[in-house]
Amino acid sequence: MAQTTHGIGGLAYDPTKRTRPPELNVLAALILIILAFEVLGRMFIGDSFLFNTRENIDTLFNEQRLQIIILQVSIVGIIALGVTQVIITGGIDLSSGSVVGATAMIAMSFAQTAIVNGNPNPKAIFGEGMMDLPVIVPVLVGLGCGLFAGLVNGLLIAYTRIPPFIATLGMMVAARGCAKWWSKGNPISFPTESYAAIGKGMMPVLIFITLAVVFHLIMTQTRYGKHSYAIGSNEQAARMSGINVARHKVLVYAIAGMLAALAAIVLSSKNLTAQAGMGVMYELDAIAMAVIGGVSLQGGRGSIIGTVLGALIFGVIISGFTFLKLDAYYQEMVKGVIIVAAVVLDTWRQNQRGRG
Amino acid sequence: MSEIILETRGLTKHYGGVHALTEADFTLRRGEHVAIMGDNGAGKSTFVRQITGVEKPTRGQIIFDGVEHTFESPIEAREAGIETVFQTLALADDLDVPSNLFLGREKVRFRLGPFSILDKRAMREATMAALVKTGVKIPNLSNTIRNMSGGQRQCVAIARTAAFKSKLVIMDEPTAALGVQETAQVENIIRTLKEAGEPLILISHNMRQVFDLVDRIVVFRRGRIVANLRKEETDGQDVVAYITGAKTGAEYEGAP
Ligand SMILES: Nc1ncnc2c1ncn2[C@@H]1O[C@H](COP(=O)(O)OP(=O)(O)OP(=O)(O)O)[C@@H](O)[C@H]1O
Ligand SMILES: [Mg+2]
């Protein structure tokens, strides 16, 4: 039975008919997309997307595929957590991919092992004293790189009023340049065992999920989250309400920078190498995950849960195309279509709201 | 303790070539309720923005509670004790009512700098109490401001000033979008402030309301103060004459 209560002033409303959280729509989309691939798979290649079809393995689901999907999205997902916060405040961060490149190079240089297969490390960047450092050193150096890049972004945006698009575009080019200059374009390999452990196996997934939970709580339960939404929905009002908007923005971009750096650490550890071209286009993938997950590019709306679901949709689509044995080139094009479609959907939602 | 709570001397604001406010000398005594009237674009809201730290005046002094202030931000003005209902309301559309009421000064359960954990329940309860005072009808506090009517928004903005202790309340056209009942409620809030001895600056175009509520009327015209009238010594027609420029107060001769 529908139970009505009274709000303030005696207007009746039915608390059971609360507006549906938008994340449910994203979840529904995720399920639909998985089903679509399942159907397409059975129709065209006679294989199941979701379920295990091999006789020699005794599981219900195709666990291998599912693992690959979440592993694939985890690293970019870490970046997307930061990008989500930036977009919620009404900004954008185009620099994360390049920050990944630069951070991976620099952090890896501090994670060199002294002996490779009984011989001295042939790729060492620094002298002997800088070999076999404890793992905390490259991690802190890496996070420091991300913090630095984020602070520069944030300070430019908050205090010189350069549009976020331009400021982070500058950082995108500069950080990529730094990544190439660092070792004159040579890859850096042979990390210590402890560094290699950071991204081993399912560690990236664990790190992603942990961070997602932490930032979900931060965005929903703390002053930081409240102020982020307030700034994104009406910056002038936030300022008039006494929020220090400039300082808050610096903090948001700094956090986004550190998350990009963390992704770089996990990625270089997982690949056991760092290259100047690491992370190219990751910024767009991260933005796409957020937008697919319902984070509005206008600011003020979206959530970490949405972004996590968006990341899964993203991963499922990429993996689904591989599963259907479509070319890698299609994947790139499809990614482009997904991003545009998500933005169109967001604009359409805005218009709906405006009319209502 | 001086008898004057707020004084401005030569307060001036230029926006590029626009002289929105020129040499405003204004005083407000403790416990006094003053209305600011004037046509659209007369500079009333500009005046409010200068004394609440939203903008920095081009020149001039602001003396509040006996101390000269240069408010760098609205927080400083608020911390000094000035609560304002801005004409633009300054609400965040995507947040719900309690979040807006406590925006910028949230109740926290656990202090952790920017990551302080919000006390949502306490804010919700305080919001209920503050809203009841305004007599607003809001079916569901968890609705975002975006989904509310103009009057409901205005009531949220007013409740925001009512929920906090202050030394001076400023309301810039607080009843512009309100229905009859809600207007009466807001006027009651203002009367309560009067009884409590809290000073108020009320900006309004509503002559009846102004004569009902305040002690003194200050008229702005083209960025200048052109009249300072005690309620007993004036009437509606007189005020209109000052607003339109048919008359100018003796002490303000020379103003255009
Ligand atoms: N940010 C700004 N930049 C340029 N001009 C401005 C700005 N803000 C206000 N003005 C101008 O200053 C003048 C005074 O505006 P103000 O908002 O103070 O008027 P008001 O008396 O509050 O009018 P209303 O009764 O319509 O609210 C107007 O001519 C307006 O166009
Ligand atoms: Mg105004």
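Start in chain B with an open sheet of four antiparallel strands, in the order β2-β1-β4-β5. Strands here are DSSP runs of E with at least two residues, helices are runs of H or I with at least four, and both are numbered from the N terminus. Two strands pair if DSSP finds at least two bridges between them. Some housekeeping before you click on: this is a predicted model, where local features need pLDDT of at least 70 and side-chain atom pairs count only at pLDDT 80 or more, while totals for chains, interfaces and linings use all residues. Residues are numbered from 1 along each chain as its sequence is written, chains are lettered from A and ligands numbered from 1 in the order in which they are written, and side-chain values use heavy atoms, with hydrogens and water left out.

Now colour the edges: β2 (18-29) and β5 (67-69) of chain B each pair on one side only. Neighbouring strands in this sheet are turned by 25° against each other on average, ignoring direction. (Axes are lines fitted to C-alpha atoms, for helices over the stretch in contact, and angles run from 0 to 180 degrees between N-to-C directions.)

Next, select β1, residues 4-15 of chain B. Five bridges tie β1(B) to the antiparallel strand β4, residues 59-64 of chain B, and eight bridges join β1(B) to β2(B), also antiparallel. Which residues stand opposite B:Glu7 in β2(B) and in β4(B)? On the β2(B) side look for B:Thr27, and on the β4(B) side for B:Ile63. Further along, B:Thr12 has B:Arg59 as its bridge partner in β4(B). Then zoom in on the turn: β1(B) and β2(B) make a hairpin with two residues between them, and B:Gly16 in that turn has a positive phi of about 55°.

Show helix α1, residues 44-51 of chain B. α1 packs on this sheet, touching β1, β2 and β4 of chain B, at about 115° to the direction of β1(B). Contact means heavy atoms within 4.5 Å.

Six strands of chain B form an open sheet with mixed pairing, in the order β6-β9-β10-β3-β11-β12. Its edge strands are β6 (82-85) and β12 (224-230) of chain B, and the twist averages 15° from one strand to the next. Pick out β3 (33-37) and β10 (200-203) of chain B, which run parallel and share four bridges; B:His33 partners B:Leu200 there.

Last stop: where is the largest cavity's centre? Select A:Met240, B:Arg78, B:Ile82, B:Thr84 and B:Phe86, the closest to that centre of the 13 lining residues. α2 (74-80) and β6 of chain B each give two or more residues to the lining. A cavity is a set of points on a 1 Å grid over the protein atoms alone where a 1.4 Å probe fits but cannot get out, and lining residues have an atom within 4 Å of a point. The space inside is about 120 Å³, a volume being what is filled by probe spheres set on the points, which are joined across faces, edges and corners.

Key:
On a 1 Å grid over the protein atoms alone, a cavity is a set of points where a 1.4 Å probe fits but cannot get out, and a pocket is an open set with protein on both sides within 12 Å along at least five of seven lines; lining residues have an atom within 4 Å of a point.
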